[in-house]
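Here is a short briefing on one structure.

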Amino acid sequence: VYTGASQGYGGMITVELTIEDGSIKDINIVSAPGEDAVYLNSASALIPEMLSAQTTAVDTVSGATMTSVGLINAATIALNEAI
């Protein structure tokens, strides 16, 4: 399990990314205290996309762009820690 944090719309977003057998198995948002719940909920839809694509290189969610960028960057930081 690797941790990454990045600036979102309302503050820092921290995620835990789980790697098993060389694959991304799970991504969990563990902290996002300053984020608006609506934006965070919308951006959370990126997690299944990242898991399915096995990459953090996914498109942002329209209407929650800054929160999406924070989530993607946090996951990328965690993934880079793993490799």
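Strands here are DSSP runs of type E with at least two residues, numbered from the N terminus. The model is a predicted one.

**The sheet**

- Three strands, in the order β1-β2-β3, make up an open sheet with antiparallel pairing.
- The edges are held by β1 and β3 (23-31). Each has a single partner strand, so one side of each is left without a neighbour in the sheet.
- On average, neighbouring strands of this sheet are turned by 25 degrees against each other, direction ignored.
- Strands of a sheet pair through backbone hydrogen bonds, and the pairing can be parallel or antiparallel.

- Strand β1 covers residues 2-7 and pairs with β2 in the antiparallel sense, over 6 bridges.
- Two bridge partners can be named. T3 has E16 of β2 as its partner, and S6 has I13 of β2.
- Together β1 and β2 form a hairpin, with 4 residues between them.
- In the turn, G11 has a positive phi of about 150 degrees.

- Is Y9 buried or exposed? Y9 counts as exposed, because its relative accessibility is 55% and the cut-off for exposed is over 50%.
- Which residues does Y9 contact, once neighbours within four places in sequence are left aside? They are E35, Y39, M66 and T67.
- Y9 and A82 lie 73 residues apart in sequence. In space, their C-alpha atoms are 26 Å apart.

**T18, in strand β2**

- T18 belongs to strand β2, which spans residues 12-20.
- T18 is buried, because its relative accessible area is 17% and buried means under 20%.
- Not counting residues up to four places away in sequence, T18 touches V1, S23, I24, K25 and D26.
- In a regular strand, side chains alternate between the two faces of the sheet.

**The helix across the sheet**

- Helix α3 is made of residues 65-82.
- What does helix α3 lie across? Helix α3 lies across β1, β2 and β3.
- Helix α3 runs at about 145 degrees to β1.

Notes: Residues numbered from 1 in each chain as written. Predicted model: local features only at pLDDT ≥ 70, side-chain atom pairs only at ≥ 80, totals over all residues. Heavy atoms only, no water. Buried < 20%, exposed > 50% of the residue type's maximum accessible area, 1.4 Å probe, protein only. Contact = heavy atoms within 4.5 Å. Pairing = 2+ DSSP bridges. Axes fitted to C-alpha atoms, helices over the stretch in contact; angles between N-to-C directions.
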